[in-house]
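Please consult the sequence and the structure alongside the text.

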Amino acid sequence: SSGINAEYGDSTFCFCLFFASNSGDHALSCLTGGYSIMRHDGIRDLVAEICVYAGLKGVEKEKLLLPCGNHDFHHAANTAPDARMDVVVSGLWRDMQSAYMDVRIFHANAPSYLSDH
């Protein structure tokens, strides 16, 4: 479990001091303790390793993007001067063309993803 070593039945206290079930549901959404970052970085590293193993060249992790200036982008676009892509691979789809990959880790059963439909 990802909590403090104080288990009570099938529950544990998390580092955020939330009394969490050992089912893992809380661990998928808790931002305390760095576990969400470790999951993200692990998947990012795995994607990069698979690209290298497949023989692709120019695989880079956490590559800085070029500054976008004062362009008006979609509200979700990261326009910060230190914006990065998780994995950039040259020649994935076409020679001399870069593919930019962003890794997203989410909890598919989180209430925000569930609907009444």
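Glu-62 is partly exposed, with a relative accessible area of 28%; here buried means under 20% relative accessible area, exposed over 50%, and partly exposed in between (1.4 Å probe, protein chains only). The residue belongs to strand β4, where helices (H or I, at least four residues) and strands (E, at least two) are DSSP runs numbered from the N terminus. Although Glu-62 is not a glycine, its phi is positive, at about 55°.

The model is a predicted one, in which local features need pLDDT of at least 70 and side-chain atom pairs count only at pLDDT 80 or more, while totals for chains, interfaces and linings use all residues. Residues are numbered from 1 along each chain as its sequence is written, and side-chain values use heavy atoms, with hydrogens and water left out.

**Overall architecture**

The chain contains two helices and six strands, arranged along the sequence as β-β-β-α-α-β-β-β. Of its 117 residues, 19% are buried. Among contacts between residues at least 6 apart in sequence, 31% join residues at least 24 apart, a contact being heavy atoms within 4.5 Å.

**The sheet and the helix across it**

Strands β4, β5 and β6 form an open three-stranded sheet in the order β4-β5-β6, with antiparallel pairing; two strands pair if DSSP finds at least two bridges between them. Its edge strands are β4 (57–64) and β6 (98–101), each of which pairs on one side only. On average, neighbouring strands of this sheet are turned by 20° against each other, direction ignored. Axes are lines fitted to C-alpha atoms, for helices over the stretch in contact, and angles run from 0 to 180 degrees between N-to-C directions.

The antiparallel strands β4 and β5 (residues 84–90) are joined by five bridges, and Lys-61 stands opposite Val-87 in β5. Helix α2 lies across β4, β5 and β6 and runs at about 160° to β4.

His-40 is part of helix α2 (residues 35–53). His-40 counts as buried because its relative accessibility is 18%. Setting aside residues up to four places away in sequence, His-40 touches Glu-62, Asp-86, Val-103 and Ile-105. The His-40 side chain also makes a polar contact with the side chain of Asp-41 at 3.0 Å. A polar contact is a pair of N or O atoms within 3.5 Å; within protein, one must be able to donate a hydrogen and the other to accept it, and residues adjacent in sequence count only if both atoms are side-chain atoms.

**Salt bridges**

The structure holds six salt bridges, each defined as a side-chain nitrogen of Lys or Arg within 4 Å of a carboxyl oxygen of Asp or Glu. The table gives three of them, including the N to O distance for each pair.

| Residue pair | N to O distance |
|---|---|
| Asp-41 and Arg-44 | 3.3 Å |
| Arg-44 and Glu-62 | 2.9 Å |
| Glu-60 and Lys-63 | 3.5 Å |

Asp-41 and Arg-44 both lie in helix α2, three residues apart, about one turn of the helix. Asp-41 is partly exposed at a relative accessible area of 25%, whereas Arg-44, at 11% relative accessibility, counts as buried. The bridge from Arg-44 to Glu-62 has its closest N and O atoms 2.9 Å apart. This pair links distant parts of the chain, with Arg-44 in helix α2 and Glu-62 in strand β4, 18 residues apart.

Glu-60 and Lys-63 form another salt bridge. Glu-60 counts as partly exposed at 36% relative accessibility, and Lys-63 counts as partly exposed at 29%. Through salt bridges that share partners, Asp-41, Arg-44, Asp-45, Lys-61 and Glu-62 are joined into one network.

Met-96, a residue other than glycine, has a positive phi near 65°. Met-96 is located in the loop between β5 and β6. With a relative accessibility of 80%, Met-96 counts as exposed.
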